[in-house]
Amino acid sequence: MRKRSNWSLPYLIFLIIFVVLPLILILVYAVQDGQGGFTLGNITRFFTDKDALSTFAVSIEVALETTILCILIGYPAAWILSRREYNKSAVTIILFIMPMWINALMRTLATAQLFTILGMNLGKGTLLFGMVYDFLPFMIYPIYNVLVKMEKSYIDAAVDLGATPWRAFWKVTFPLSMPGVASGVLMVFMPTVSTFAISEFLTNNKIKLFGTIIQENINSSMWNYGAALSLIMLIIIGITSLFSKDKEQAEGGLV
Amino acid sequence: MTDTIIDIKHLSKSFGDKQVLNDINLYIRRGEFVTLLGPSGCGKTTLLRMIAGFLQPTEGSILMDGKELAGIPPHQRPLNTVFQRYALFPHLDVYDNVAFGLKLKKLPKEEIDKKVRRVLKLVAMSDYEDRDVETLSGGQQQRIAIARAIVNQPKVLLLDEPLAALDLKMRKDMQTELKEMHKKLGITFVYVTHDQEEALTLSDTIVVINQGKIQQIGTPTDIYNEPVNSFVADFIGESNILNGTMLQDRRVSFIGHDFDCVDEGFGENVPVDVVVRPEDIYFTKDPAKTQFTAVVKSCVFKGVHYEMFVDTDTGNELMIQDYDPYGVGETVQLYIDPDDIQVMKKERVCNTLEGVWNGDYIDFEKPEFSLPTEGLKHDFPKGTKVKVEIPFSSVDLLDDIDGGLTNGEVHFILYKGDHYHLTIRTEDRGYFWVDTQDIWDKGDLVGINIKNKGLKIQPIEDEKA
């Protein structure tokens, strides 16, 4: 009889071709000059490239702002959705989650059209709106999941020990829901750093994000520098995910 | 200061149209260990949660030290709860769990420290301060849950089946500890359990609850020796519950024999329930003492005593506990002391339903069903309100739940020596009581038919003011 582990072979091949190989290619391109020789110039160039650095700063700023806005809007939404007394049917949660079913690009284009029709100036405000609109479900869902599964007796116990409902929330519900928030942050922050379509459509490229620069470089055949920038972004995303990993494992926020 | 700390008056609670508690009246004395005892779903936890403030009464009031508790939110009530599954905060260590209530009160740090250490010592968990609560065993978590509650020095400690999640050995140990803790602290304990043995062991007072009503309040000895009805007798300890007839004062007939007893005031020739505990039936060799004979059917060693089932000469089955075994098949002579015969008024002698005579059918509202009038000798104008009395033996139970006039679930089973007395609950929470020889299990779904035998139908006079 063949070993079960053989069944994973197709997936392994898929992973190698579509994940590992591209990563290696990024790494190889990032440390090559145009002629194919080894160089760290592409990477050091980033640190002297004022344009790239400021875009990078803007990207992180926008990603942070988006994430914070998503928490501020998403947490209360998730909390209300998780309460039986406020949310009597599953329909509401589906309404919140539904945007996830539609391609983000389509939604962004539609949002841009909406702003144009309303005659609004495209800029930072519209960018943040689009970002939050696109990524909010990714924040709500993991938080909702944690809150819904949380035993109600914890809150009862806190109230029983003398906490007002408000303090019971801050001392018990909120800390216990942190794994959900961590998952949400991960799922919002990481993709917002690398997005470029939203800024392109919602600011007419007035605001450039890091993803935009990478795209521009690759589009103008500057493969090596583009690859180097991608590598830097990957490392940064990797660091964020490490940062929230221990918390996530503790409770399993997502799913 | 009065002796009463909690006074519950005419308390009722409904969830929607489902009544969970019905007119509860109960007072709890300061420093008392009171147990609310009943089968699951009887409403005991609901009662506890209303005292704690998590639920609001539908009707009635709860007074604490003479003050109405309704309207006071749970966080302001001077009582604390030990929850069924402990509900320890998983993000805090043992120390912070115990200090939770004190920190909310903004006590100085040294005082919190002192109190936490003292209470951890009391529950023998001193060395566990920094431990993560999830690394503790069930019994240890239980101790911390108790410590977390009593560190706030509540006037009343509410305990919601606190030992239910522990294994038997652990449960016994914790029972002893709880009892000692209660003595040491002097706090009033209100304890909820479905375990009658636990209730008998721990309590000063037991409140037996069934179907949302208080059945009996009394000391463990009272409840055990003098159950007021067949439910209490059956729920507390082992018992033989039998149909009997009170012949006259101090004279009762059951299992086909007449016995002297100590009960009076029932009247003459009144049907009653008789309870005899299995340890109160004695074997004798003396023909003068012998009241009846029986054949031993089974004999099982139970550790301290032997448990025997015997068939009496009149065909009733009795359970007997004795230190000496008797052989299966052996004919034995038995007697019962007058003191050990507990006579109880029958709660009901038949099913009494009120309905409307509609010609071909009598329509009943609760339980909702229609009884065909074909073959009944009565006749009334359409629309007459009638009272129908259906003997227990005229209710037929069917395997086919759609084969009868209505259907229901076997809710409670009582063995009465030669037949079973079942309580059947219909979907709309109406009840039928049935005498049957057939064996059903609790929870069985059954069809219900009414035999046209012994039914009594009378018109109801319009209500007079």
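Helix 1 (44-52) and strand 7 (156-160) of chain B each put at least two residues into the lining of the largest cavity. Helix 1 of chain B gives the largest share of that lining, 3 residues. Keep in mind that this is a predicted model, where local features need pLDDT of at least 70, side-chain atom pairs count only at pLDDT 80 or more, and totals for chains, interfaces and linings use all residues. Residues are numbered from 1 along each chain as its sequence is written, chains are lettered from A and ligands numbered from 1 in the order in which they are written, and side-chain values use heavy atoms, with hydrogens and water left out.

- Helices (H or I, at least four residues) and strands (E, at least two) are DSSP runs, numbered from the N terminus.
- On a 1 Å grid over the protein atoms alone, a cavity is a set of points where a 1.4 Å probe fits but cannot get out, while a pocket is an open set with protein on both sides within 12 Å along at least five of seven lines; lining residues have an atom within 4 Å of a point.
- Grid points are joined across faces, edges and corners, and a volume is the space filled by probe spheres set on the points.

**Cavities**

- The count comes to 2 cavities of 30 Å³ or more.
- The largest cavity holds about 50 Å³ of space, and its lining is made up of B:Leu48, B:Arg49, B:Ala52, B:Phe54, B:Thr81, B:Phe83, B:Leu158 and B:Asp160.
- That lining splits into 5 nonpolar, 1 polar and 2 charged residues; here Ala, Val, Leu, Ile, Met, Phe, Trp, Tyr, Cys and Pro count as nonpolar, Asp, Glu, Lys and Arg as charged, and the others, Gly among them, as polar.
- The second largest cavity has about 40 Å³ of space, with B:Met50, B:Leu55, B:Gln56, B:Pro57, B:Ile62, B:Glu68, B:Leu69, B:Ala70 and B:Arg77 around it.
- By class, the second largest cavity is lined by 6 nonpolar, 1 polar and 2 charged residues.

**The largest pocket**

- Its volume is about 1,000 Å³.
- The largest pocket has 40 lining residues, and B:Asn210, B:Gln211, B:Gly212, B:His411 and B:Tyr431 lie nearest its centre.
- Sorted by class, the pocket lining has 12 nonpolar, 15 polar and 13 charged residues.
- The largest pocket lies between domain 1 (4-230) and domain 3 (351-459) of chain B, because both give residues to its lining; the domain bounds come from an automatic or database domain assignment.

**Chain A and its helix packing**

- Chain A has 12 helices and 0 strands, and its C-alpha trace spans about 70 × 70 × 35 Å along the principal axes.
- Helix 3 (residues 50-82) and helix 6 (residues 124-149) of chain A pack at about 45 degrees with their axes 6 Å apart; axes are lines fitted to C-alpha atoms, for helices over the stretch in contact, and angles run from 0 to 180 degrees between N-to-C directions.
- That makes helix 3 of chain A oblique to helix 6 of chain A; angles under 35 degrees count as roughly parallel, over 145 as roughly antiparallel, 65 to 115 as roughly perpendicular and the rest as oblique.
- The contact of helix 3 with helix 6 of chain A involves 22 nonpolar, 4 polar and 3 charged residues.
- The axes of helix 6 and helix 9 (residues 178-194) of chain A come within 7 Å and cross at roughly 160 degrees, and these two helices are therefore roughly antiparallel to each other.

- Most residues other than glycine have a negative phi, and most peptide bonds are trans.
- B:His10, in strand 1 (residues 4-15) of chain B, has a positive phi of about 45 degrees although it is not a glycine.
- A cis peptide bond joins B:Lys366 and B:Pro367, with omega about -5 degrees.
- B:Pro367 sits in the loop between strand 22 (361-364) and strand 23 (369-372) of chain B.
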